[in-house]
Amino acid sequence: MNVKMRTVNTSVQKKDAKALVTGKPVFTDDLAPGDCLIVKVLRSPHAHALIGQIDTEKANKVDGIVCILTYQDVPNKRFTMAGQTYPEPSPYDRLILDQRMRFVGDAAAIVAGETEEAVDHAMRLIKVDYEVLEPVLDFRKAKDHKVLIHPEDNWESLCPVGADNRRNLCACGGEEHGDVNELLEQCDYVVEQVYHTKANQQAMMETFRAYSYLDAYGRLNMVASTQVTFHVRRILAHALDIPKSRIRVIKPRIGGGFGAKQTVVAEVYPAIVTMKTGRAAKIIYSRYESQIASSPRHEMEIRVRVGADKNGILQAIDVYTLSNTGAYGEHGPTTVGLSGHKSIPLYRTPRAFRFAYDVVYTNCMSAGAYRGYGATQGIFAVESAINELAEKIGMDKVKIRELNMVREGDIMPAYYGETLNSCALDRCMARAKEMMEWDRKYPSVDMGNGKVRGVGVAMAMQGSAISGVDVASVELRLNDDGFYTLMIGASDMGTGCDTTLAQVASDCLECDLDQIVVHGTDTDVSPYDSGSYASSTMYLTGMAVVKACGEMRDKILDKGAEYLSCEKDTLEFDGSRVWQPAGGLEISLKDIGNKVMCSNNNMLSAGASHTSPVSPPPFMVGMAEVEVDKETGEAELIDYVAVVDCGTTINPNLARIQTEGGLAQGIGMALYEDITYTDKGQMIQNSFMQYKLPSRLDVGNIRVEFESSYEPTGPFGAKSIGEIVINTPSPAIADAIASAVGARVRELPITAEKVYREIK
Amino acid sequence: MQIEFTLNGRLIYEETSDDETLFHLLRRKGCYSVKCGCETENCGLCTVLVNGVSRLSCSYLAARADGCDVVTLEGAQKEAEEFGSFLAAEGAEQCGFCSPGLIMNVLAMEKELDSYEEENVKEYLAGNLCRCSGYMGQLRAVKSYLSRGENRNEC
Amino acid sequence: MIRFKNYVRAESLEEAYNLNQKKSSVIGAGMMWLKVQNRIKMTLVDLSGLGLDGVEETEEEFVIGAMCTLRQLEIHKGLDGYFPGLFKECTRSIVGVQFRNGATVGGSIFGRFGFSDILTCMLALDTYVELYKGGIIPLEEFCSQKYNRDILVRIRIKKDGRRAFYASSRMTKTDFPLIACCVSATDDTYYVSVGARPAKAELAVISRREREDVEELAALAADHFRYGTNFRGSAEYRKHLAAVYVKRLFMVLDREEG
């Protein structure tokens with residue numbers, strides 16, 4: 001099909017924009033029935049403990065309390081809360097309620113009652129006897145520690161990811177290509193450093209929440225703020241040990257996800273209450289709970305060795321990642337892979353690479369999926385190491401990248417051997433350099449007032465969907481009067497995919513955007529989609545739309561031929577009519593839509609699934625300019641320049657906002673957002689008072705441009721945009737600070753005190 | 001206790017418990033635009049106008065609203081649509097969860113500030129957190145909203 | 001979140017005082033800090049009906065009601081005229097406008113919080129606290145008192161000719177301060193107040209002639225205080241910041257004098 005772009009690559013407004021800006025009740029808690037039971041979770045105060053007795057007698061007597069559940073009341077069948085395609089790489093290490101508490105905040109009991117006051121009161125009256133055990137809090141000591149986090153017999157790993165619960169290992173593995181050690185020995189310049197990133201919180205404004213009820217058929221209906229509607233259905237079936245056919249999951253508007261809601265953090269609690277009581281039940285996580293008991297980024301410590309010859313040509317890269325999955329293994333085996341697979345392939349020149357990793361259990365909060373998904377951590381490490389290498393060589397940091405960066409047409413051995421069909425990384429670098437006035441500012445400018453401005457650079461890549469795994473499906477229907485219904489299984493989480501997928505459909509069908517009605521995700525209605533994660537929505541679901549539209553056009557021609565009583569191959573469809581260029585016959589789409597409502601045997605409906613054998617990487621270059629106070633180490637971000645190659649931008653405005661938003665999150669990770677624990681395992685940054693998201697005064701000036709390549713396997717040449725955008729700020733800002741005052745900070749966030757210590 | 005206050009232009013008599021927050025009361029009264037993003041007064045999502053002043057309804061006692069004039073986004077639909085159209089034109093509403101609180105504070109800012117210089121605007125809105133947009137699109141929207149009509153005399 | 005049974009809007013200070021004598025009572029000011037505490041009380045006493053919500057300027061002093069909000073303090077023309085930029089600087093970083101429309105001066109001062117910008121600022125001025133029973137006492141004396149059940153009615157800042165400047169260091173622009181410094185000067189004396197160490201602000205009064213060099217003088221001032229470590233920063237770093245910021249404030253004051 002050869003159609004020209006009419007709405008694709010234009011900045012149409014989101015279909016839900018008006019409802020959102022006028023504050024209409026479209027979110028989970030706005031829709032929950034008024035008589036929902038309020039569900040809360042009593043949480044462990046200990047990082048590692050075994051529950052002996054739980055005395056709920058007094059609590060049960062509180063007026064309005066309907067049900068209190070403990071580990072004795074839930075199925076003893078382990079599952080994972082990770083929203084991944086079955087069989088999940090994440091180990092089955094969860095129960096809804098367990099006897100063993102594995103982090104401060106782990107679920108000890110579920111309390112449901114008529115009012116929040118009653119539930120709060122009852123929670124204070126529950127007496128839990130804990131046998132407190134030694135916790136494992138240092139992830140560097142977790143592997144083969146004498147204390148086991150998951151000693152249970154029914155722990156299970158479904159996939160060969162190198163998991164071993166007897167060693168506190170959630171996964172381990174590695175690969176080597178060429179002889180890294182030998183090549184590094186021959187190098188003129190070698191950098192070996194260790195980099196440390198923290199368990200950042202996604203901190204979407206809408207905390208985790210869900211409500212459930214039984215419908216007229218006695219089925220469990222779950223309305224959840226989730227990115228993975230279909231995975232929620234499967235995970236609930238596993239957790240509750242009931243057939244999937246008895247569950248329906250609906251996603252309303254959701255207030256941000258960023259990967260947090262790719263884990264089924266909260267849904268099991270109201271679900272089991274509804275199953276036990278038959279009553280509607282809802283849970284709304286407090287910000288405190290969302291901070292201490294959720295699904296943040298995996299803390300990683302990454303050792304990088306990288307070497308170059310005397311001309312600055314890279315010879316070998318060696319990456320070892322230690323990842324902290326916390327108490328449970330959600331996304332542990334998969335995130336770690338990206339720390340190598342999305343960092344090493346940025347460079348075409350190394351003749352050898354090695355990537356090895358361990359993912360360990362500890363008694364910290366379980367980690368999960370956060371935008372970037374391991375790539376963010378790996379890119380901070382590798383890009384920082386490249387910058388340090390350039391310093392060692394005495395080479396401009398843009399120059400070393402120009403010499404070594406991956407190019408269109410390259411085969412990438414460290415990226416599953418894929419061939420790079422689309423890549424504008426070189427153009428991104430050239431443009432970013434211009435925008436930043438790099439040559440004038442590099443490496444630093446002394447402002448003469450005790451402050452120095454420095455610039456820094458980093459490159460990034462991501463994937464577009466999980467190759468050979470993710471599946472996207474859409475269904476398209478023609479309705480009377482000739483408008484279409486597009487049913488998708490991908491979750492719009494504010495990013496605008498309901499709109500951008502409609503843009504794709506509208507161009508494929510040559511109609512106005514208003515002619516496409518998009519139906520958000522409902523497992524009873526929508527076709528299967530693995531969900532909105534792994535940078536898959538536009539690349540994968542977009543292609544499913546393209547396919548379905550092609551089928552629809554064909555069926556419309558069939559109907560046109562039938563109604564016009566002529567041969568199909570004499571007809572054309574131009575979006576509003578089927579017509580015969582030679583003979584002058586025609587019938588409008590409106591008439592076809594109306595005619596099929598009467599005496600018709602063929603439904604005008606098209607459905608398509610799409611999966612991809614490749615995961616084409618988007619690319620970007622980020623450059624930061626900071627101003628550092630030489631006396632105090634305080635660094636202020638002045639300017640951030642980003643140039644992105646996401647293939648064709650389906651909606652430039654929304655792509656820009658994705659980029660600006662991802663950069664702001666990356667800036668938060670680089671400079672402000674810390675996660676630390678007390679020696680008892682309590683997480684300190686447990687509120688927005690202590691966990692500092694950047695405000696609008698903290699992000700400097702962000703400038704974004706696009707340098708598009710054309711990806712032949714994507715819809716209208718598109719790749720992905722959602723995740724890559726968070727990857728450059730940490731290495732670029734760290735480098736800008738190093739350029740300004742010579743302080744190289746290798747542990748995030750880069751606080752003023754750390755900079756001060758390095759200056760000293 | 002009984003309180004009497006004006007909610008979005010209508011006089012309301014309402015029974016409230018002594019320690020209920022205005023946030024809870026407003027949601028109870030169907031003002032679902034009012035959102036909660038934290039419990040610690042850091043996010044600005046629950047911003048409403050009390051006697052024309054932007055306040056965090058999550059830390060404002062309902063009892064104190066007695067005799068006051070309270071406006072939520074439900075009572076400022078025209079303004080919401082107007083400013084919202086600038087926000088949507090940038091795609092900056094994104095998930096939309098923080099939009100109502102932001103819009104209420106923009107309305108308060110429009111009335112209160114004499115000068116809409118960028119630094120003043122950013123500082124006034126600093127208490128409204130957003131995790132989707134990176135703030136730049138919001139700033140573009142606020143700027144074009146505040147300068148709307150400036151060119152009207154040209155034609 | 002705090003819970004209580006009875007909300008009482010006091011009709012007089014006497015009534016508020018009497019209600020507040022019970023341990024089960026608490027005075028509700030801006031409700032910012034109080035609300036996030038997990039406490040159960042019988043009675044919350046509200047002072048908002050007592051006309052304590054403004055700033056009054058006389059020949060000799062500024063009289064600030066306990067219920068005056070931080071935002072009122074920030075934008076008060078009289079205060080800004082007498083202490084140019086000072087109150088804007090010590091308030092503008094506190095969370096956001098909506099927060100400052102709620103938080104009160106009385107709440108900030110009575111709480112004597114370690115992180116208080118307001119306390120740090122006012123301590124460097126000739127400030128007095130007016131207590132319902134305890135009378136008018138210097139702010140510094142109030143800071144060293146134990147918490148009691150008296151009621152803070154007003155803050156009085158004397159127009160004694162001091163000029164003052166304020167500076168703080170924060171991890172994000174609207175975070176709690178990592179260090180907060182205020183310095184005021186008369187002809188021969190510097191009043192140096194340093195808060196968020198992370199303990200509550202204290203005052204050092206030093207002679208401007210004690211050292212020639214401004215850096216040495218600042219180091220001397222910073223030496224007056226004890227510093228502690230929390231997750232925002234170490235004691236050592238806070239002390240360093242205090243010395244740097246106090247030095248810079250000295251320099252601003254010196255420059256102003258021309």
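Biologist: Which residue in S11(C) is the bridge partner of Cys181(C)?
Modeller: Val194(C) is the bridge partner of Cys181(C) in S11(C). Keep in mind that this is a predicted model.

Biologist: How many bridges join S10(C) to S11(C), and which way do the strands run?
Modeller: There are 6 bridges between S10(C) and S11, residues 189-195 of chain C. The two strands run antiparallel. A hairpin of 3 residues links S10(C) to S11(C).

Biologist: And what about S9(C) and S10(C), how many bridges there?
Modeller: S9, residues 163-170 of chain C, is joined to S10(C) by 8 bridges. That pair is antiparallel. S9(C) and S10(C) also form a hairpin, with 6 residues between them.

Biologist: Which residue stands opposite Ala180(C)?
Modeller: Ser168(C) stands opposite Ala180(C), which is in S10(C).

Biologist: Why is S10(C) largely enclosed?
Modeller: S10 spans residues 177-185 of chain C, and 9 of its 9 residues are buried, so the rest of the structure largely encloses this strand.

Biologist: Switching to chain B. Which domains does the assignment give?
Modeller: Domain 1 covers 2-74 and domain 2 covers 76-149 in chain B. Their C-alpha centres are 21 Å apart.

Biologist: How many residues does each domain put into the contact?
Modeller: Domain 1 of chain B gives 18 residues and domain 2 of chain B gives 15 residues.

Biologist: Which strand gives the most on the domain 1 side?
Modeller: S3(B) does, with 3 residues. Strands S3 (47-50) and S4 (53-56) of chain B each supply at least two residues to that side.

Biologist: What classes of residue are on that side?
Modeller: The side of domain 1 of chain B that touches domain 2 has 9 nonpolar, 7 polar and 2 charged residues.

Definitions and conventions: Residues are numbered from 1 along each chain as its sequence is written. Chains are lettered from A and ligands numbered from 1 in the order in which they are written. This is a predicted model: local features need pLDDT of at least 70, side-chain atom pairs count only at pLDDT 80 or more; totals for chains, interfaces and linings use all residues. A residue is buried if 20 or more other C-beta atoms lie within 10 Å of its own, exposed if 12 or fewer, and partly exposed in between; C-beta atoms are placed from the backbone. Helices (H or I, at least four residues) and strands (E, at least two) are DSSP runs, numbered from the N terminus. Two strands pair if DSSP finds at least two bridges between them. Domain bounds come from an automatic or database domain assignment. Two residues are in contact if their C-beta atoms, placed from the backbone, lie within 7 Å. Ala, Val, Leu, Ile, Met, Phe, Trp, Tyr, Cys and Pro count as nonpolar, Asp, Glu, Lys and Arg as charged, and the others, Gly among them, as polar.
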